[in-house]
Amino acid sequence: MSRYVIIAGCGRLGSLLAEELSRAGDSVVVIDKDESRFARLSSDFSGFRIHGDATELEVLRQAKADRADALIAATSLDNVNLMVAQVARVVFHVPVVVARVFNPAREAIYRRLGLRVVCPTKLSANSFLAALQEEE
Amino acid sequence: MRYRQYLRERYRWILGYSGTIWVIIALLILSPLLALPFFPEERPLAAAFAGPGLLLLLAGVLARRLLPAQENVGLSILEGSVIVVLTWTAALVVGAIPLVSGVGLTPTQALFESTSGWTTTGLSVLDVDQTPALVLLYRSITQLAGGAGFAIIILTALAGPVGMGLSSAEGRGEQLEPHVRQSASIVLRLYSVYVLLGILALRGAGMSWFDAVNHAFAALSTGGFSTRSASLGYWDSPLLEAVTIVLMLLGTINFLISYAALKGKWRAFLRSSEVHVLGVMIAVGVLVLGLGVTRDLYPTPGKALRVALFESVSAISTTGFATVSYLPWPGLGWFTLTLFMLIGGGSGSTAGGIKQARVYVLAKSLWWQIRGAFQPRNTLRELDIWQGEERRFLGDAEVRVTAIFVFTHLAVFVLGAGILIAYGYDVAASLFEFASAISTIGLSVGVTSADAPAGVLWAMTAGMFLGRLEFFAVFTGVAKLLVDGRWLILPRGDP
């Protein structure tokens, strides 16, 4: 079944996710403040690109956040991700909201706010530790 | 060497996908046979369709087997152009064969007629009053399919990552939904519903079932093939003309915009820049043609108004139905229609021509250029265009692409009209007729006929083909085929 997914931030992570989801048949809308970032998307991506600030309600409304099945906040700023994710949850009632958080110290706080978070710093730390363990 | 291997791999994909589309084209060529039960006396014609249809079907199935097993390889827009060139050429050439073997056209005439069909032009060298019903139906089917484009059809029919590359190369790139397959399926459903309603409405307004089917196909695809040599003029019925005008408008308005209107978003519809341009053009057409041309030519004011409205919409929508002959018209009438034909319909529809959105963008750029002279050098400008619910801002790059397109369209137009003039046709008639070909309209002032010289037909065939695919896909597709062909075929050492 095709889902409607909004991705805030079209950096390395955002563009990768957008391409994968679009190729798999999902409807994808990518939002980025910087229009030149959309150049990262290959012709596999057949979704919409919205040039704007995802923290603005109007931009999310334009992306039809009210009918989205999921939203991924993948900008490079923790605070922006937090804000976008909360707006998506509280204002637009998006069922699945995932935010990227770099700072591991904040992860717990965000969790407490009821958001699903992915912390790349912690994930890579765990991978490094696992690699060390294997060496021993 | 490695590059050659890579190319070989990519061409297996390209041929594989082209094969899939050939299968669909083959089925379209075979489809008139479904009407055989209604026209049993035309059984001898069956072979004319079955032969080329089955041959292309076989070629398509074989090419499909080249597809490598692995999934999920996207095609670039350039590779999409190659597929567009391969599939459209197949449609035009194979689609011409039934006309040679079925109704005895020369190969040049048949290719012209076939191109006129698939590109939704509607210029014809056939004497339709003497033409078998199956062939008439076949022509209408080619228009129906050519109007939507093969990308839309294949995307809805099949899974596979052909996606963006193909649909943007075919000049049907605008999307309704944030996934190319879903928007293709919406366009196709919208189109089918329009066609069904169109058939019922035309039948209700007084056509026979056969005429209703053909005219609904030809009106919504903005094609313009008719089953009568006098076109819509044969019926001379205000009701039928009104229904046809609605159908032509549905065909020419951007699907994005009519989709918004259907969903009840009338504000989005009324705000769209293209709807404004369309409205202004129709109003100007009715005024200029009504006051300057038809008022003096036709007996009653009612008839004069009807003719002015119908011919304006027919030219703007790039359909090409006619209710009267243009031969007695004064120069002003020809000029107005030529201008409308060059501008053409809405983007993201089945129409051809320069497209209203492009004209709007360039006109607005001109305004900005003049205004900019009076403003401080660093003034920020926003060049915007309303499309359905969305306000799009255009950068310099988009304006440049638009300007290049308009230049190419006009350059090919002038060149083509020049060829017609060189064959001895009147200047006004040549300009009118070639505008009709390049913008895929089908209105005619008599240059197109069974006894037109081969060179004229070839020039117009090329014009229709380039105009329908909006030039660049053909240019880049052919260029890529030539460059890659040198790599793949000529034996040469590793550079």
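In the predicted model, B:Gln109 touches B:Val125, B:Ala450 and B:Leu457, leaving aside residues up to four places away in sequence; contact requires C-beta atoms, placed from the backbone, within 7 Å. B:Gln109 belongs to helix α4 (residues 107-118) of chain B, helices being DSSP runs of H or I of at least four residues and strands runs of E of at least two, numbered from the N terminus. With 23 other C-beta atoms within 10 Å, B:Gln109 is buried (20 or more count as buried, 12 or fewer as exposed, and values in between as partly exposed).

The model is predicted, so local features need pLDDT of at least 70 and side-chain atom pairs pLDDT 80 or more, while totals for chains, interfaces and linings use all residues. Residues are numbered from 1 along each chain as its sequence is written, and chains are lettered from A and ligands numbered from 1 in the order in which they are written.

In chain B, the axes of helix α2 (residues 46-64) and helix α3 (residues 77-103) come within 8 Å and cross at roughly 155 degrees; axes are lines fitted to C-alpha atoms over the stretch in contact, with angles from 0 to 180 degrees between N-to-C directions. α2(B) is therefore roughly antiparallel to α3(B) (over 145 degrees). Contact residues include B:Phe49 and B:Leu56 of α2(B) and B:Val94 and B:Ile97 of α3(B).

Most residues other than glycine have a negative phi. B:Ser231, however, has a positive phi of about 55 degrees; this residue lies in the loop between α9 (209-220) and α10 (238-252) of chain B and is buried, with 27 other C-beta atoms within 10 Å.

Key. Two residues are in contact if their C-beta atoms, placed from the backbone, lie within 7 Å. Angles under 35 degrees count as roughly parallel, over 145 as roughly antiparallel, 65 to 115 as roughly perpendicular and the rest as oblique.
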